[in-house]
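Student: I have not looked at this structure before. Could we go through it step by step?

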Amino acid sequence: MRLIPRLLLSLLVMLPLAAYAATPANAPLVEGKDYERIAKPGPFQPLAGKIEVVEVFGYTCPHCAHFEPQLEAWAAKLPADVRFTPVPAAFGGAWDAWALAYYAADEVGVAKRSHAAVFKALHEQGSLPMQNVSADELATFYATYGVSADRYKQALRGDAVQKKVADARAFAQRTQVPGTPALIINGQYLVRGTSFEDQLRIASQLISEARARRGR
């Protein structure tokens, strides 16, 4: 006798879930909910026919560390007309130290290969310090990628790396990123979202919309 009321209750509970599941993945994005329009737009680098995706990240940020494997897999599948660019957040203090570390690795050609390993060294292995990392500690770490200590430390102190960090700082300030990780499309749209999966869904759709506008 009680089976029918329970069945009705189950169906009523499932109706909102069914409605949610029926929502198409490419439903129109809503400004203010899915993304913010950047007040002072402009790409990090000249677009040169590309669609730019910037991730503003911090090596000491635990959210960035958790996001990295998922983001890396997503970025690896981006089409040829999309340029993915990691930009370290130079917010001062340890943020600046690790921004310098990243760009020095970039200068000597090992940033891409070592990127995920830096997160692991900081957040899983504890083999690098979050604060006050020294040039010697960094040089020892990057030596495992075939870079001599002298070459790495020279890059770390070089004007080219200082300029890259200054450019990264200026970009984060202009786009007013609220924290890390942050995804920015073409220097125009700051991705929001309720989860990492949601951020990547929104970013993918913004990329598609940018491509469609370009094809007009």
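Student: Which residue forms a salt bridge with Arg-201?

Tutor: This is a predicted model, where local features need pLDDT of at least 70 and side-chain atom pairs count only at pLDDT 80 or more, while totals for chains, interfaces and linings use all residues. Residues are numbered from 1 along each chain as its sequence is written, and side-chain values use heavy atoms, with hydrogens and water left out. A salt bridge is a side-chain nitrogen of Lys or Arg within 4 Å of a carboxyl oxygen of Asp or Glu. Here the closest N and O atoms are 2.8 Å apart, and the partner of Arg-201 is Asp-198.

Student: Is Asp-198 buried or exposed?

Tutor: Buried means under 20% relative accessible area, exposed over 50%, and partly exposed in between (1.4 Å probe, protein chains only). Arg-201 has 32% and is therefore partly exposed. Asp-198 has a relative accessibility of 15%, so Asp-198 counts as buried.

Student: Where do Arg-201 and Asp-198 both lie?

Tutor: Helices (H or I, at least four residues) and strands (E, at least two) are DSSP runs, numbered from the N terminus. The two residues are 3 residues apart, about one turn of the helix, and both lie in helix H8 (residues 196-214).

Student: Which residues are linked with Asp-198 and Arg-201 in a network of salt bridges?

Tutor: The structure holds 13 salt bridges. The network that includes Asp-198 and Arg-201 also contains Lys-33 and Asp-34.

Student: Which residue forms a salt bridge with Glu-52?

Tutor: The closest N and O atoms of this pair are 3.0 Å apart, and the partner is Arg-83. The pair links distant parts of the chain, 31 residues apart, with Glu-52 in strand S2 and Arg-83 in strand S3 (residues 82-88). As for accessibility, Glu-52 and Arg-83 are buried.

Student: Which residues touch the most other members of the largest nonpolar core?

Tutor: A nonpolar core is a set of buried Ala, Val, Leu, Ile, Met, Phe, Trp, Tyr and Cys residues joined through side-chain atoms within 4.5 Å. The largest one has 46 residues, and those touching the most other members are Trp-98 and Tyr-152.

Student: Which helix gives the most to this core?

Tutor: Several elements each supply at least two residues, including helix H2 (62-76), helix H3 (94-107) and helix H7 (159-175). With 8 residues, the one that gives the most is H3.
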